[in-house]
Amino acid sequence: MYRRDLRDTDYDGLLADMAVADRVVQAAVGPDGRIAYAKNRELTTDVWLATDGEDRRLTSRGASAMRYGRTDARWLDWSPDGDRIAFVTGDAELATVDADTGAVEVLTDLEGGISGLAWGEPGIAIVTDAFSRASLAVVSPDGDRIEAIATGEYLYADPHWQGDSVVATRSAHADLFDYEAALVRVPFGGDGSGAVTELFAEPGVRAACPRPRPGDDEAVAFVHDGSGYDAVYGVGGDEPAADGSDSPTPIYGVPETEIAAPEWNDAGDRLAVTATAGGRTHVHAVDVDGALADAGPGTGADPDAAADATALATGDAIHGAPRWDGDRVLSVRETPTEPPTAVDAATGERRTPTATAGLSDQLPAPEAFTYDSDGTGVNAVVHPPASAAEPDSVPLLVKPHGGPTAFDGFGFDHRAAYFAALGYAVVRPNYRGSDGFGRAFRMANDGDWGGGDLDDVIRAADATAARYDAVDGDRVGIFGGSGGGLMTVNALGNSDRFRAGAAFYGVYDYESFVDDTDDVGWQLLKRELGDFVADLDAYRDASPIRTVPDIDDPLMVLHGEEDARVPISQSEQLVAELEKHDARHELRRYEGEPHGFGELDHVLDAYTRVADLFAKYLRRLPDDGSSRSYEPPE
């Protein structure tokens, strides 16, 4: 299906360098100013410590820490005395590490993962599947006691201590957190059967990012999207709201911008927040004087004009997880040419060292534009063709993201950068259903999965070709993983816009996927397609596998054999259907890989094969005599 002599294999080394580049996942500032952070180095995540300009690895057997978006829970936290750091091990157990000696103590032996933690005076609050899915529990710092405090009918997330209670969000088992969630307070010391207080709950509104105000036993800042975009609100405090109601008070929001991840300074009079718009995530600081009832500039703020709000970090970048370090704000920043690292948000000064250097000089910088898709404005990030390219000389790749509730912006995407370095224009559309553009857009593909969102992806090719004279709109390929994989198959089967495609670990038969996936996958299908019993025909009709008879172009299918979210049986079903209809295809299986490829050899094998595929079907032979001899594989 491919020939390796049709492209410049020198860039495979760049792909390897990017794949193993240092990536900071999350950072936490200790009481004495030391910075603990989770960092992925050479495909292994561990806890590291930065102090006085030095960098030290604290763990060596792996840690779990994931970064999904602006509402991520904490994966590591300092003890109140600043001596130890709580983290989740690679085996999904709770552990602590001594910040001075590096001694690790595993506190739990649970048959269930951990997906968020907070260390307070009463103990370490965790979200765990050990008692029921996404239940709340408290672990004593010595590991002698584990007590469930909220289990059963709800799923909890993002715990934070407020006195002897835990403030968190919760949602119904049948819902995803990005649809509807409430803000609750759970007392510690109960039997887990009740006494949970709802601080905020509205139908069809998502609460997220609870942050108790320091020194206040009642006040909580949090995020909800009732206005159509995430904004920061406050509940509790010493005074009622200005209108005398119990409704949360607007603290800070910016029109058509997602405000999230609020973080109090130690004095409790300033909040650092993230602000996401147009594929960029910046950091703002907001003054919050007095009680929450009259705090902040409200939800129509202009950070350029508001006296009590300051834009600390701007530009073509993605910032996340802000934390106060005295009067400074620490954030995890990534750019299209720089992997995630912890920086001073205001100055850009790197606060965590890295072994990765020199990538920025080798990678092209993308830009953003908005195109019309049948009346809907769609944001896209594109690696444009080189300015010196001749008209119609550059092939194009469309890369739809997964999720589908995710977004592509000005972050570090080594896959897109690799193909851009090879000489392709690469466009990443934020199709309907993407995050970062308001609640209505995020839900725009509910009940229409494979409808308007697919149109957005297909039209991304036309819009990019129309925008750049150098792009050859007749030589277009498509590739993506997970939700991007299913979108790839849908695009090949529903249009003749693409000459070749590569689908990574996608969902192709929704009916069988219901039986094979975990709860998150099932919740996603329910939201996108409706109740299985009542809407079975919708599941069947929307499945990408139904379009296989109309696929006329070559398709590479790639999947990990240990994928629990999307089992490899999905790709096996797809390939069986491709064989039945004599479609050109190839299946690549990767031993030991979960949902997403981690092993360097697998990453290199997968993406260089895809590069060979696109070289064969999209690139023209050079006319300068630089083509190389080729020996067919044995």
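## Sorting the residues

Ala, Val, Leu, Ile, Met, Phe, Trp, Tyr, Cys and Pro count here as nonpolar, Asp, Glu, Lys and Arg as charged, and the others, Gly among them, as polar. With that sorting, the lining of the second largest pocket divides into 13 nonpolar, 10 polar and 11 charged residues.

The model you are looking at is predicted: local features need pLDDT of at least 70, side-chain atom pairs count only at pLDDT 80 or more, and totals for chains, interfaces and linings use all residues. Residues are numbered from 1 along each chain as its sequence is written, and side-chain values use heavy atoms, with hydrogens and water left out.

## The second largest pocket

Let's define the spaces. On a 1 Å grid over the protein atoms alone, a cavity is a set of points where a 1.4 Å probe fits but cannot get out, while a pocket is an open set with protein on both sides within 12 Å along at least five of seven lines; lining residues have an atom within 4 Å of a point. Grid points are joined across faces, edges and corners, and a volume is the space filled by probe spheres set on the points.

The second largest pocket holds about 1100 Å³ of space. It has 34 lining residues, and those closest to its centre are R74, W119, P214, E263 and D266. Several strands give two or more residues to this lining, including β1 (23-29), β10 (114-120), β18 (207-212) and β22 (258-264). Strands (E, at least two residues) and helices (H or I, at least four) are DSSP runs, numbered from the N terminus.

Side chains of opposite charge can pair when their charged atoms come close. A salt bridge is a side-chain nitrogen of Lys or Arg within 4 Å of a carboxyl oxygen of Asp or Glu, and the structure holds 43 of them. In one, the side chains of R211 and E263 meet at 3.3 Å, N to O. Because R211 lies in strand β18 and E263 in strand β22, the pair ties together parts that are 52 residues apart in sequence.

Strand β18 also contains C209. Phi of C209 is near 55°, a positive value in a residue other than glycine.

## One cavity

How many cavities of 30 Å³ or more are there? The count comes to 1. The largest cavity has a volume of about 30 Å³, and its lining residues include A38, V47, W75 and F87. This lining divides into 8 nonpolar, 1 polar and no charged residues.

In α4, D453, L454, V457 and I458 meet M487, N490, A491 and N494 of α5 (contact means heavy atoms within 4.5 Å).

The peptide bond from G403 to P404 is cis, with omega near 5°. P404 lies in the loop between β31 (394-398) and α2 (414-421).
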